[in-house]
Amino acid sequence: MSARKAANSKEKGSYSIHGVSNSQFSINTSGYGSSDFILTRKESVIDTAKKINPWFKQKLKKIFRKKTITKRLPILQWLPKYNSDDFIGDLIAGMTVGLTVIPQALAYAGIAGLPPQAGLYGSFVGCLLYIFIGSCRCVNIGPSSTSSFLTGQVAGGNWPRAIVCGVISGFIELLMGIFGLGFVIDFVSGPVLSGFSSAVAIMIFTGQIKSFLGIHAKGFTFIQVWKTILADIHNTRVGDTVMGVCCMTTLLLMRQLPNVKLGPKDDDHKKKWQKVVNKTLWIIGTARNFIVVVTATIVSYNLIESGEGHWLKTIGEVPPGIPEFKIPKFYSEDVVNATGFVVEKGETFWEMISYMNIGLLAVPLIALIETMSINKSAANGKSLDPTQELIAIGSGQLVNSLVGAYPGNASFSRGAINKASGARTPLGCLYSGVLVIIALLYMTPYFQYIPDAALAAVIMSSVIFMVEYAVVKPLWRSKRSDLVPGLTTFVCCLCFGIPVGTFIGIAVNILFVLYHAARPKIQVDKRVTSGLHTKFLFITPDRCLMFPSVEYVRNLINKEALRNATPVVIDCTHIYGADYTAAMAIQMLLNDFASRQQPIFFLNLKPSVAETFEEAELDFHLFYSYHLLEQAIDDSKVLEVSTKL
């Protein structure tokens, strides 16, 4: 910095601050504000450039330090302390999650508009990698209802396009992690997130009605889907509808089983059989998706074997075996039928990018939000590391693409099951991943009998609880303006699609933030000095002075000053930053007061702000002692009286 501090004693005889000094010095003062004002010499661009190479060398050394390696490979932190209790907890959690993942993966692939095996392919490689680089015990990387629906909207149900979306999303998340950009989720407020998740839930629920009723429907927005549903509602199939209603009712009833508790509230006072029954009910309720899908599959199999298979639509054949590991193609080939006619034209990489557009940014953003939300719920007071989670989910996306999987991330339902099941470390992902591999190797011949209506019921019974209507009442009571970005996000997601609606909601929320930044609160107090009882205005802005707000602040100060015609004191305690535009506005304010011969003083100006004003060569009265400030105000009154005489 380069500036000179205001004199804070009568003996120095001056209250002004102006000019430029090239020396480095420090002045200690008493009274209000910071007493340290150390001014340093500015460096040239060449001097700064010379420091870049040592900076890179220092960063490179840090990468290979033990502390950095253990931070980026969290398995090195918990594995040496792993014990039998951790093993049991992770085994139970992993097996429970695995039983949930299999039916969910098959169902979520349908949400994305992809074949059912695409969901299974994304449910084992990424979660196995997470064991080594993940930091949260409750995260299980794989398809989620939100990521599946978002992928369906972004990629349009095209599998090669969805894989490319996963690769690009993975690279974006990985780069965000490397460059420490996890803070971007701070720009997504709670109301925006509630509006987004509620709109996604309604859109997913609406999209599954076609499978629930056995009809055809499609569309990108809420209105489009309902138009096609109503147009084909007369083709509702009785068998699919009955199956859907039965599965939905059973799932909602089984959802309540974990809440059933026999015996006293205190576990220590419960009998052994009561504990066994409670645990059994909890397991049944937690694994309800698996139980219902298996039961529905048995019913469907018997109908097909008895020649009554026309009653139900099934998901069809699922290719057996683990998919081949290969680098994904960044283009798609023409799809031709048996006669050589092109059914679907292929796309180049840039055509895919053009089609997915802004959705390529929405997918990694939502993945980060979901994953960090689960991290927060499982943190138990521990600090979170968004950088590590970005690296983990980004790497998971990339390895998933090697087996033809579409974008996935952590799931709220799997996270809740992990937490409730007593997961101790990320090693629980191993057991759920192994179950998925077993399903791909040995269970795929039976998947073809799974009814579409049963999977639709699994999805619909889950997403209805994602509608966050409960937040409306607290927001209305606390701060009604927060409802605007939330409702905007909700409506825009339904009307224009999830990617566009999400960014519109974030933009509206940022506009609210910018508005508050441009309109700081100004507190005005009328005071008198303790000496000559001189009246003056004490004005306190509540935030920094930047270009959006300076004219507003200047006009308010002038308005109050004209109304009272007394000396004015600007309390700068809360002004922690200022820019060149603010300095120019302060210069105009000083000119305004000088033209009226009205004194104006500044109190407790931060050194960094004072430097900005000094560089703009402003000449103003600055104090760090309230007592000396009052003396200056009294002196201005004496000077005014003597001038009149």
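**Questions about salt bridges and a hairpin**

Author: Aspartate 592 has a relative accessibility of 17% and counts as buried. Welcome to this predicted model!

Reader: Why does aspartate 592 count as buried?

Author: Buried means under 20% relative accessible area. Aspartate 592 is at 17%, so it counts as buried.

Reader: And arginine 554, is it buried or exposed?

Author: The value for arginine 554 is 15%, which is also under 20%, so this residue counts as buried.

Reader: How do you know that arginine 554 and aspartate 592 meet in a salt bridge?

Author: A salt bridge needs a side-chain nitrogen of Lys or Arg within 4 Å of a carboxyl oxygen of Asp or Glu. For arginine 554 and aspartate 592 the N to O distance is 3.0 Å, so the pair meets that limit. Arginine 554 belongs to helix H24 and aspartate 592 to helix H25, so the pair ties together parts 38 residues apart in sequence. Salt bridges with shared partners join Glu551, Arg554 and Asp592 into one network.

Reader: What makes E4 and E5 count as paired strands?

Author: Pairing takes at least two bridges. Strands E4 and E5 have 7, in the antiparallel sense, so they count as a pair. One of these bridges has aspartate 525 and phenylalanine 538 as partners. E4 and E5 form a hairpin with 6 residues between them.

Technical notes
Residues numbered from 1 in each chain as written. Predicted model: local features only at pLDDT ≥ 70, side-chain atom pairs only at ≥ 80, totals over all residues. Heavy atoms only, no water. Helix = DSSP H or I, 4+ residues; strand = E, 2+ residues; numbered from the N terminus. Buried < 20%, exposed > 50% of the residue type's maximum accessible area, 1.4 Å probe, protein only.
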